[in-house]
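User: I would like to go through this model and hear, for each description, what it rests on.

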Amino acid sequence: MSAILLIAIPLLAAFLSIMMKKTSSYILLAVGIFNVVLLFILPDGFVIIGGFRQPLGINLLLDTYSRIALLLLNSLILVITYLNLKSYKSYGTILMLALAGLNGLVLTNDLFNFFVFLEISGIAAYLITTSNKKPRSTFHYLILGSVGSSLFLFGVIILYAMYGTLNIVGMIRLIQASGNYKEVILPFTLMFIGLGVEAKLLPFNSWVKGVLGNSNTLSGPMIASVYAGSMSFVLGRLITNLFNFQGSLLTIVTIILAVGIVAGDLMAFASTKTREILLFSSVAQASIIALLFVNGIIIWAVYLIIANALSKTVMFLVINKATKDVGSDESQDLRGLFIKNILVGVTFTLATLSVMGLPLLVGFKIKLAFLTGLADANHIWLIAIILIASVIEGIYFVRLLVKLWYKGDKEINVSYNYSFKTVFVIIALALLVFGTYSTPLNYLDNSIDTVMEEVNNG
Amino acid sequence: MTFFDIISIAVGAFLLIIAFLAINSKKIINSVLFLSALSMLAVVSFVLMKAPDVAITEAVIGSGLVTALFVFTLLSINRRDAK
Amino acid sequence: MKNLFGFLISVTLGIFMILALTNTNAFPEFGHASIDNRVSSQYLNIDNVEEVGSGNIVTAIVVGYRGFDTLGEVTVLFISALGVAFMLSSPKQKRIDLKFKPNFMLRVGSKILFGIILVTSFYIILHGHLTPGGGFPGGAIIASSVLLLYLADDKFRSNIKSFKILEGVAGSLFVIIGLLGLVFATYFLQNFLPAGHVGELLSAGIIPIIYILIGLKVGSEIAGIVDNFLTEEESA
Amino acid sequence: MIQYAAIILFVFGIYGLFTNKNVIKMIISLNIMEIGLNIFIISIGFNYDGIAPIISSTNDLGYIFVDPLPQALVLTAIVIGVGTTALGLAIAKNIYKTYNTFELDEMEESA
């Protein structure tokens, strides 16, 4: 048993599934379950491919950090596929390739291999967004995504020209040995911009509005939770281990991210469309997560990614299903959505409150912990910015909730079937349980990311 | 100044001129043809830099098939317009 | 206004990149790159060359050392072909009218050329581990021979269904060979065949086999893309 | 020289993406960018004294070679570029079907 199966099996299934298109969604379900089970029995450590030692060939690294990321993304894809089994049948093969690409992205320990998986998952994402039937926004996404990955590749190549290796662990070792941070500013900037496009960081994310603003029950949760979550994970890993921002670059990156938080929340505040409110809120959250990684608060950033991915799944599923049935996503037209769907309303409210960070929910615990972490590191003005952003966030979310709960002029009929409701309830319960009983969250600490250990071991 | 330098300066200058033309020409079909020429010049520079594998691949894929795909797209559009 | 903004951004980026690269000592000057400090020096080490057994070092890297990248690359092409078919194909399709009628010579001549090009492409694929070339250009040449048939005959349509099957089978065999490495040797994609002598046709273990699969897969995928671009819905 | 040309080509591509509002020309700009990037990648492995990394027997290993790894990377990058281009053109065809134009500016009016 080796972690390579997490990538090889979805690929094999995808290649086989084009010969039997009808069953592709069911094959995907089987593959997803296989992957989740496999994740519990695989051992930690490096996985060598092709039998070539560390710098010669490509290898993968499985540790607690990547295991958490993989569990999250594999199980989320499984859930989303299950919910869309009827409505989006033909996307089975594409989702399998997305699964393989994201798994590879999280696992790989080689920069060029990282680029290849970035492209696989990127192209899969463009194809997922074709389900919106808005070719223009898909095209916009494709152009920005390709530019982003080209910039990333440019950075990787400059690093290779300087240090002569593509292995991430080996690269970190060589950069530490040379001790000259000024040399690597250019490649790191290019790589950060390239990944920023995919990770929805402002100002590289103009694709988000077109793509998520027209999303449906497949593309919404896929892009907003699965892709955003995995991209935050890999960006976090690169930020904390490889980029390790210092000096003026650190200041610039921090300012960009801080502006991203405020701007994201302000744009959500100004919008009246429900889907846009959700997407701008997730843009702001992506910046907060990146900011935490930049400041070395790894474990709470990880929890924040998980909590966000789960809440956003619920929120996008609820809103996108309602939009599909009603035919509009103006919050005015969705008034009174929850009067007939009280259970759905309660779970949506819980998810929203958790994103806002109110007590009793897991979002509160996480927010408290990372604000304490920032205070320990003496970043008072960052805390101020996050608090201001939270206030704005609170206002627009409460406004949205009030609208969705109170009766409007028209009566609207949206029905959620049982599988939807089950998923909502499970996620809402998880948010509640971990919010009130949060001791298990303290078991893990920043050492879940073992790249640095491997660097020092060598 | 060696022979290599002269050739490389010529190739580099041509690359830039043709790229400029490809971006700024008014007719799309001209842009496509300039892109094909750019690809062919890239092949020359790959050969200059001792990369025969890449040169073969770029010649077949870059200047052959990609151009064909562009032209087919334009063809199908023009035909629909004519109707 | 927007043009000026774009111009400024790109000029700044260009100047920033060129200045940063020329001022960095660790970045090698053009034409003076030395592979001694790079991982590539180990690819040219005699033990490693004999272990892999491919005379073309680039092929050894593409299919051997970094074979996993190549699997990913084939996947990228696979998913784009899938996407193109997904967006452009419909149940009933007909050829786009090319506005010229091919004559007899063109049709017959293209059939002869088709054979010659196909043989050339197989030669290129089979000698990928000895001479420049290999699966990617070879596959692309297969696709261009199909393209020739399409251009020479305005009624011609290849059997897309069999291309899909070929594509799926070749891709699956690639992964299965990788998994066989896991079973017969220790690692995924590891060579489990004898490496042979450098420079001979039957050498380099699984590299020629994988390159043949890549060639077939690339060829059928690009041919599928070409077919999608040259057909349209019946009703239009 | 070729290296600088490659960087400028890359920047040209980005400039083209900023200024062109035509879908097909944007894909062309993307291709120009990728060609620039590919030439740059090859150029970092080039050595004036080096020969192409292809040997006919193990006796040839004494020579100086150009770096083979960038060449392997470019092979991968070219094929990935074709994939993106084909997909982009397919989307362009779809755009034309929906909006009846390739110009992004005209689309906003009709959409």
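This is a predicted model: local features need pLDDT of at least 70, side-chain atom pairs count only at pLDDT 80 or more; totals for chains, interfaces and linings use all residues.

User: Why is chain C called more spread out than a compact globule?

Analyst: The globule rule gives 18 Å for the 236 residues of chain C, whereas its radius of gyration is 23 Å, well over that value, so chain C is more spread out than a compact globule. Taken along the principal axes, the box that its C-alpha atoms fill is roughly 60 × 60 × 35 Å.

User: What share of the residues of chain C count as buried, and what makes a residue buried?

Analyst: A residue is buried if 20 or more other C-beta atoms lie within 10 Å of its own, and 48% of the 236 residues of chain C count as such. As for contacts in chain C with a separation of 6 or more, 73% of them are accounted for by residues 24 or more positions apart.

User: How do you know that chain D touches chain C, and which helices of chain D take part?

Analyst: Two residues are in contact if their C-beta atoms lie within 7 Å, and by that criterion 40 residues of chain D are in contact with 47 residues of chain C. On the side of chain D that touches chain C, α1 (2–19) and α3 (68–99) of chain D each supply at least two residues, and the largest share, 16 residues, comes from α3(D).

User: What kinds of residue make up that side of chain D?

Analyst: The residues of the side of chain D that touches chain C divide into 25 nonpolar, 13 polar and two charged.

Terms used. Residues are numbered from 1 along each chain as its sequence is written. Chains are lettered from A and ligands numbered from 1 in the order in which they are written. The radius of gyration is taken over C-alpha atoms; the globule rule is 2.2 Å times the number of residues to the power 0.38. A residue is buried if 20 or more other C-beta atoms lie within 10 Å of its own, exposed if 12 or fewer, and partly exposed in between; C-beta atoms are placed from the backbone. Helices (H or I, at least four residues) and strands (E, at least two) are DSSP runs, numbered from the N terminus. Ala, Val, Leu, Ile, Met, Phe, Trp, Tyr, Cys and Pro count as nonpolar, Asp, Glu, Lys and Arg as charged, and the others, Gly among them, as polar.
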